Amino acid sequence: MAAPYVVEDCGFALQVLSDGTIVRSSPPPAQVTADDGRVEWKDAVYDAARGLGLRMYRPRHRDVTDKGEEGKLPVLVYFHGGGFCMGSYYWPENHTVCLRLAAELPAVVLSFDYRLAPEHRLPAAHEDAAAALLWLRNQLIASSENPWLAESADSRRVFVSGVSAGGSLVHHMAVRFGTAGLEPGANVVGYILLMPGLFSAEPTRSEMGWPDSAFLSQEMFDRLFRLGMPAGATRDDALVNPFAPDSPSLVLVVAAERDFFRDRNVEYAERIKAMGKDVELVVFAGQEHASFGMDPVSDADAELVRLIKHFVGRDGNGNP
């Protein structure tokens, strides 16, 4: 019998073999760490039955003069990227991003895992993201169950963010929960989509003729689509085509100039804005898809953190 061979290759993180075996590997160590001692963090479980966890971050020294009851900090939920097939809160680039966000916003940051394809195709990740937000709401209500959060988190200022596939999850959570869907217990002020993976059957200019050398190429996108979507799904499936009658009221959309999804991200922001929503769109010049965290000491990463900090500082009425 011939030895199994690779039929789907997603680099170091994921390979699918001809006999159906799925091979996953841990990412390489981070080249630069942002763990300078300003932030404390701990791991927790939000769905024991499915083995799903999260990492919680908060500044070590909190300023009691901050806005919010008794100096409590806004809560930033973060969903990692990876085409719904790869990634985890413990991956170095995700850990670095969350350390920096917690320190510089400042905020309580919750980085959630979700089930990955091809073992668990969409909508599994959507179900897990919703379960994560409901877990957060319940933790904020029953403060005695999670004193770590109760001491620091301002339940009136919750923001939901994600990058790439995580940004797509943010859209679906916005449609599902809006600003009031987690009440009582948590008030979602806004949603932050960082280079979200949104698409449809009709290609945009940035999707056509995209170079094979790009971080996210057409070939890699097609592979992740095959692995992540249910059998028979098209690119107009509601799981990935973002336009629906309901949408969040306060949205930050970040696109990258050299991103396969650039035009789709811009279109998303423009169409949501046309619905009368308060949308801020920023396109980062010279950046590629999901570049946030790849080089944590870069000027682009610093500017993105400042942008998110400004957005989180808004009061929901558009006021700084």
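Colleague: Where does Pro123 lie?

Modeller: Pro123 is in the loop between strand 7 and helix 2. Keep in mind that this is a predicted model.

Colleague: Is the peptide bond from Leu122 to Pro123 cis or trans?

Modeller: The bond from Leu122 to Pro123 is cis. Its omega is near 15°.

Colleague: And which bond joins Ala117 and Pro118?

Modeller: A cis peptide bond, with omega at about 5°. Pro118 sits in the loop between strand 7 (108–112) and helix 2 (124–141).

Colleague: Now phi. What is the phi of Phe84?

Modeller: Positive, about 65°, although Phe84 is not a glycine. You find Phe84 in the loop between strand 6 and helix 1.

Colleague: Is Phe84 buried or exposed?

Modeller: Buried, because its relative accessibility is 9% and the cut-off for buried is under 20%.

Colleague: What about Ser164, what is its phi?

Modeller: Phi of Ser164 is near 60°, a positive value in a residue other than glycine. Ser164 belongs to the loop between strand 8 and helix 4 (165–177). With 8% relative accessibility, Ser164 counts as buried.

Colleague: Switching to helix 4. Which residues does His172 touch?

Modeller: His172 lies in helix 4. Leaving out residues up to four places away in sequence, His172 touches His126, Ala238, Leu239 and Val240.

Colleague: Is His172 buried or exposed?

Modeller: His172 counts as buried, at 16% relative accessibility.

Colleague: And Arg50, where is that found?

Modeller: In the loop between strand 4 and strand 5. Arg50 is partly exposed, with a relative accessible area of 40%.

Colleague: Which residues does Arg50 touch?

Modeller: Arg115, Glu127 and Asp128, again not counting residues up to four places away in sequence.

Colleague: How many Å separate the C-alpha atoms of Arg50 and His289?

Modeller: The separation is 30 Å. Along the chain, Arg50 and His289 are 239 residues apart.

Colleague: Let's do sheets. What order does the open sheet of eight strands have?

Modeller: The order is 4-5-7-6-8-9-10-11, and the pairing is mixed.

Colleague: Which are the edge strands?

Modeller: Strand 4 (39–47) and strand 11 (278–288), and each pairs on one side only. From one strand to the next, the twist averages 20°.

Colleague: In which sense do strand 4 and strand 5 pair?

Modeller: Antiparallel, over eight bridges, with strand 5 covering residues 52–59. Val45 stands opposite Gly53 in strand 5.

Colleague: Which strands of the sheet does helix 7 touch?

Modeller: Helix 7 packs on the sheet and touches strand 6 (73–79), strand 8 (153–163), strand 9 (188–194), strand 10 (250–258) and strand 11. The direction of helix 7 makes about 175° with that of strand 11.

Colleague: Staying with helix 7, at what angle do the axes of helix 1 and helix 7 cross?

Modeller: Roughly 50°. The axes of helix 1 (residues 92–104) and helix 7 (residues 299–312) come within 10 Å. That angle makes helix 1 oblique to helix 7.

Colleague: Is the crossing of helix 1 and helix 7 left-handed or right-handed?

Modeller: The crossing is right-handed.

Colleague: Which residues meet there, in helix 1 and helix 7?

Modeller: Helix 1 brings Arg100, Leu101 and Glu104. Helix 7 brings Asp301, Ala302, Val305, Ile308 and Lys309. By class, this contact has four nonpolar, no polar and four charged residues.

Colleague: Last topic. What order does the open sheet of three strands have?

Modeller: The order is 1-2-3, with antiparallel pairing. Strand 1 (6–9) and strand 3 (22–24) stand at the edges. Each has a single partner strand, so one side of each is left without a neighbour in the sheet. Neighbouring strands are turned by 25° against each other on average, direction ignored.

Colleague: How many bridges join strand 2 to strand 3?

Modeller: Three, and strand 2 (residues 14–17) and strand 3 run antiparallel. The bridge partner of Gln15 in strand 3 is Val23.

Colleague: Which helix packs on the sheet, touching strand 1 and strand 2?

Modeller: Helix 5 (residues 218–228). Its direction makes about 110° with that of strand 1.

Notes:
Residues numbered from 1 in each chain as written. Predicted model: local features only at pLDDT ≥ 70, side-chain atom pairs only at ≥ 80, totals over all residues. Heavy atoms only, no water. Axes fitted to C-alpha atoms, helices over the stretch in contact; angles between N-to-C directions. Helix = DSSP H or I, 4+ residues; strand = E, 2+ residues; numbered from the N terminus. Parallel < 35°, antiparallel > 145°, perpendicular 65-115°, else oblique. Left-handed = near helix turned anticlockwise from the far one by under 90°. Contact = heavy atoms within 4.5 Å. Nonpolar A, V, L, I, M, F, W, Y, C, P; charged D, E, K, R; others polar. Pairing = 2+ DSSP bridges. Buried < 20%, exposed > 50% of the residue type's maximum accessible area, 1.4 Å probe, protein only.
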